Amino acid sequence: MGKIRINNMSFHTFNGVFAEEKKLGQRLQIDAELTYPIEEKVQHDNLKETVSYADVYQTIEDFVLNHNYNLIESVANHLLKLILAKYPTIQAVKLKVRKYSVPIAGIFDNIEIEVSGDRSHEK
């Protein structure tokens, strides 16, 4: 089974529990891994035989820029459901959502949430 990956998509969003996060916002970074039978479906060098990663990117961008949540877990879960619903030829999706500038004491690069789902979990 083939994989299509879109890595390190960065967006300025207003997700978070604290008032400062909702007001000032922060960077979210997202990786998407889409499982699609490339080996079977892509036979003629035709975009119609695959998943347009440009379209998937636009779906992700539109979603994260227009939906704000307290938890990045909610961002990840809702985005996962949207991608599976909007792109029925995708067999499975794995998303990693990273949040930077988290207002907690400590030294670290980011906080990352990973979710995954497939057609068997749609209902």
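Reader: Before anything else, what is a polar contact?

Author: A polar contact is a pair of N or O atoms within 3.5 Å; within protein, one must be able to donate a hydrogen and the other to accept it. Please also keep in mind that this is a predicted model.

Reader: Which backbone atom lies 3.0 Å from a polar atom of the side chain of Glu21?

Author: That is the backbone nitrogen of Phe18. Glu21 itself belongs to helix α1, residues 19–24, while Phe18 is in the loop between β1 and α1.

Reader: Is Glu21 buried or exposed?

Author: Glu21 is buried, because its relative accessible area is 6%, and buried means under 20%.

Reader: Which residues does Glu21 touch, leaving aside those up to four places away in sequence?

Author: Glu21 touches Phe14, Asn15, Gly16, Gln26, Lys99 and Pro103.

Reader: And Phe18, how accessible is that one?

Author: Phe18 has 41% relative accessibility, so it counts as partly exposed. Together with Val17 and Leu71, Phe18 forms a nonpolar patch on the surface. The accessible area of these residues together is about 270 Å².

Reader: Let us step back. How many helices and strands are there in the chain?

Author: The chain has four helices and four strands. Read from the N terminus, the order of elements is β-α-β-α-α-α-β-β.

Reader: What does the C-alpha trace span along its principal axes?

Author: The span is about 50 × 30 × 25 Å. The chain has 123 residues, and 41% of them are buried. Its accessible surface is about 7500 Å², with 51% belonging to carbon and sulfur atoms.

Reader: Among contacts between residues at least 6 apart in sequence, what share joins residues at least 24 apart?

Author: That share is 59%.

Reader: Now the inside. Which residues of the largest nonpolar core touch the most other members?

Author: This core has 29 residues, and those with the most contacts to other members are Ile30, Leu34, Ile60, Leu79, Ile83, Val93 and Leu95. Two or more core residues come from each of β1 (2–13), β2 (26–36), α3 (53–66), α4 (72–86), β3 (92–99) and β4 (111–118). The largest share, seven residues, is given by α4.

Reader: Why would such side chains gather at all?

Author: In soluble globular proteins, nonpolar side chains tend to be buried together.

Reader: Take Ile30 as an example. What does it touch, again not counting residues up to four places away?

Author: The contacts of Ile30 include Ile6, Met9, Phe11, Ile60, Val64, Leu79, Leu95 and Val97. Asn7, Asn8 and Lys96 are also among them.

Reader: Turning to charges, how many salt bridges does the structure hold?

Author: There are five salt bridges. One of them joins Arg98 to Asp31, with the closest N and O atoms 2.9 Å apart. Arg98 is in strand β3 and Asp31 in strand β2, so this pair ties together parts 67 residues apart in sequence.

Reader: What other salt bridge does Arg98 form?

Author: Arg98 also pairs with Glu112, where the closest N and O atoms are 3.0 Å apart. Glu112 lies in strand β4, so here the parts tied together are 14 residues apart in sequence.

Reader: How accessible is Arg98?

Author: Arg98 counts as buried, because its relative accessibility is 7%. Asp31 is buried as well, at 13%, whereas Glu112 is partly exposed, at 40%.

Reader: Where does Lys3 come in, and what is its partner?

Author: Lys3 forms a salt bridge with Glu33, the closest N and O atoms being 3.7 Å apart. This pair links strand β1, which holds Lys3, with strand β2, which holds Glu33; the two residues are 30 apart. Glu33 is buried at 14% relative accessibility, while Lys3 is partly exposed at 39%. Lys3, Arg5 and Glu33 are linked in a network of salt bridges.

Reader: One last topic, the backbone. What is the phi of Asn8?

Author: Phi of Asn8 is near 60°, which is positive although the residue is not glycine. Asn8 sits in strand β1 and is partly exposed, with 47% relative accessible area.

Reader: And Asp45, where is that residue placed?

Author: Asp45 is in the loop between α2 (38–41) and α3. Its phi is also positive, about 55°, and it is not a glycine. Asp45 is exposed, at 78% relative accessible area.

Conventions: Residues numbered from 1 in each chain as written. Predicted model: local features only at pLDDT ≥ 70, side-chain atom pairs only at ≥ 80, totals over all residues. Heavy atoms only, no water. Buried < 20%, exposed > 50% of the residue type's maximum accessible area, 1.4 Å probe, protein only. Contact = heavy atoms within 4.5 Å. Core = buried A, V, L, I, M, F, W, Y, C linked by side-chain atoms within 4.5 Å. Patch = residues over 30% accessible without salt bridge, like charges linked within 9 Å, V, L, I, M, F, W, Y side chains within 5 Å. Areas by Shrake-Rupley, 256 points an atom, 1.4 Å probe, with all protein chains shown as cover. Salt bridge = Lys/Arg side-chain N within 4 Å of Asp/Glu carboxyl O.
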